[in-house]
Amino acid sequence: LMANTGRPFSTNFPSALFLREDEISQRISEIEKLSFLNTRSTVRITNLISCLDLTSLNAVDTPEAIDSLLQKAILPLAGNSVKVAAVCVFQPFVAQCVSCLKDLEIDVACVAGGFPSGQMDVVVKCADIERSVALGANEIDVVINRTHPLTENWEALYNEVRAFKKSCGSAHLKVIIATGELQSHALISKTSWICMLAGADFIKTSTGLEKVNATLEAGLLMMTAIREYHILTDCKVGFKPAGGIRNTVQAQQWIQLLKEELGVAWANKTLFRIGASSLLDDLVNTYTKN
């Protein structure tokens with residue numbers, strides 16, 4: 001995957017970013033009505049498993065709990081060689097994951113920078129990112145300070161994400177915009193755009209810990225921004241919904257929306273991830289019923 005090098009700061013938001021409310025409702029209702037006759041297609045299910053960021057972000061995580069997460073990541077489906085895309089953990093467990101997963105082509109993602117609130121001085125956030133990368137994380141899931149978009153201080157948001165990008169070095173930067181806290185569709189669209197201008201390699205809906213997590217409406221707005229950014233720059237930015245995606249049908253809806261909005265080029269682990277802790281069990285159950 002080519003890293004997104006970003007673009008100079010600008011608040012010239014493309015008009016195509018802003019969808020009408022009726023357009024959004026209609027698109028989402030079309031996706032939700034799809035019957036997914038192939039829901040149990042084994043190829044579809046293994047593809048979804050291969051796009052999972054298998055996540056454990058609990059205050060009570062222990063090395064034993066993370067070990068069990070790692071075993072599921074390496075062999076999620078008995079009798080099949082499919083592996084998840086990444087594990088996503090807190091910083092104290094990064095070294096354990098790196099050591100267990102070396103040579104297995106499973107990425108180690110670490111949440112950093114004052115997760116989940118993001119209310120922390122940017123210098124401290126960047127030190128946290130640098131520490132996570134030094135420990136071996138090759139993906140950083142970092143949350144923006146929501147105060148910036150809520151006050152429409154776009155330059156502060158741009159500068160924050162730019163600083164994250166620099167601190168990541170060669171690691172991938174996945175920026176969590178916390179859509180459930182952004183109050184309007186226009187703010188979700190603008191925030192997505194500014195984060196990409198600043199160099200986000202992925203934009204992610206949620207921490208999974210907000211009152212409102214990933215919604216298809218927010219996903220549609222973010223995918224629209226990704227498409228416009230690709231038209232402008234020829235750079236493909238990845239997309240990650242997280243939080244509340246617990247069953248196979250929901251996961252199918254997400255990948256269907258992605259294929260329709262961004263094309264099949266996005267429908268693989270390089271450009272699409274689902275952040276989930278319980279979804280894997282449902283995907284495996286659905287697969288084994290075949």
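Helices (H or I, at least four residues) and strands (E, at least two) are DSSP runs, numbered from the N terminus. The model is predicted: local features need pLDDT of at least 70, side-chain atom pairs count only at pLDDT 80 or more, and totals for chains, interfaces and linings use all residues. Residues are numbered from 1 along each chain as its sequence is written, and side-chain values use heavy atoms, with hydrogens and water left out.

Backbone geometry was examined at the outset. Most residues other than glycine have a negative phi, and most peptide bonds are trans. Phe 115 and Pro 116 are joined by a cis peptide bond, with omega at about 0°. Pro 116 sits in the loop between strand 3 and helix 5. A positive phi of about 55° is found at Ala 178, which is not a glycine. Gln 183, also a residue other than glycine, has a positive phi near 70°. Ala 178 belongs to the loop between strand 5 (172–176) and helix 8 (185–197). Gln 183 is placed in the loop between strand 5 and helix 8. Burial is defined by relative accessible area: buried means under 20%, exposed over 50%, and partly exposed in between (1.4 Å probe, protein chains only). Ala 178 counts as buried because its relative accessibility is 0%. Gln 183 counts as exposed, at 71% relative accessibility.

The loop between strand 3 (107–112) and helix 5 (122–134) also holds Met 120. This residue, Met 120, is partly exposed, with a relative accessible area of 34%. Met 120, Val 122, Val 123 and Val 124 make a nonpolar surface patch of about 310 Å². Patches are made of residues with over 30% relative accessible area and no salt bridge; like charges are joined within 9 Å, and nonpolar side chains (Val, Leu, Ile, Met, Phe, Trp, Tyr) within 5 Å. Accessible areas come from the Shrake-Rupley method with a 1.4 Å probe, and for residues only the protein chains shown count as cover.

Glu 160 lies in helix 7 (residues 154–168). Its relative accessibility is 5%, so Glu 160 counts as buried. Contacts (heavy atoms within 4.5 Å) link Glu 160 to Val 122, Lys 125, Ile 144, Asn 145 and His 148, leaving aside neighbours within four places in sequence. A polar atom of the Glu 160 side chain lies 3.1 Å from the backbone nitrogen of Asn 145. A polar contact is a pair of N or O atoms within 3.5 Å; within protein, one must be able to donate a hydrogen and the other to accept it, and residues adjacent in sequence count only if both atoms are side-chain atoms. Another side chain to backbone pair involves Thr 286, where a polar side-chain atom lies 2.7 Å from the backbone oxygen of Asp 282. Thr 286 is part of helix 11 (residues 279–288). Thr 286 is buried, at a relative accessible area of 11%.

Side chains of opposite charge can pair when their charged atoms come close. A salt bridge is a side-chain nitrogen of Lys or Arg within 4 Å of a carboxyl oxygen of Asp or Glu. By this rule there are 21 salt bridges. Arg 20 pairs with Glu 23, their closest N and O atoms being 3.9 Å apart. Glu 23 is partly exposed, at 30% relative accessibility.

For Asp 141 and Lys 174, the closest N and O atoms of the salt bridge are 3.2 Å apart. Asp 141 lies in strand 4 (residues 139–143) and Lys 174 in strand 5, so the pair ties together parts that are 33 residues apart in sequence. Asp 141 is buried, with a relative accessible area of 0%. Lys 174 counts as buried, at 0% relative accessibility. A network of salt bridges links Asp 53, Asp 107, Glu 139, Asp 141, Lys 174, Lys 204, Lys 240 and Arg 273.

Arg 146 and Glu 210 form a salt bridge through their side chains (3.9 Å, N to O). Arg 146 lies in the loop between strand 4 and helix 6 (147–150), and Glu 210 in the loop between strand 6 (202–204) and helix 9 (216–233), so the pair ties together parts that are 64 residues apart in sequence. Both Arg 146 and Glu 210 are buried.

Zero disulfides (pairs of cysteine sulfur atoms within 2.5 Å) were found in a search of the whole structure. Cys 126 is in no disulfide, and the nearest cysteine sulfur, that of Cys 168, is 8.6 Å away. Cys 126 counts as buried, at 10% relative accessibility.
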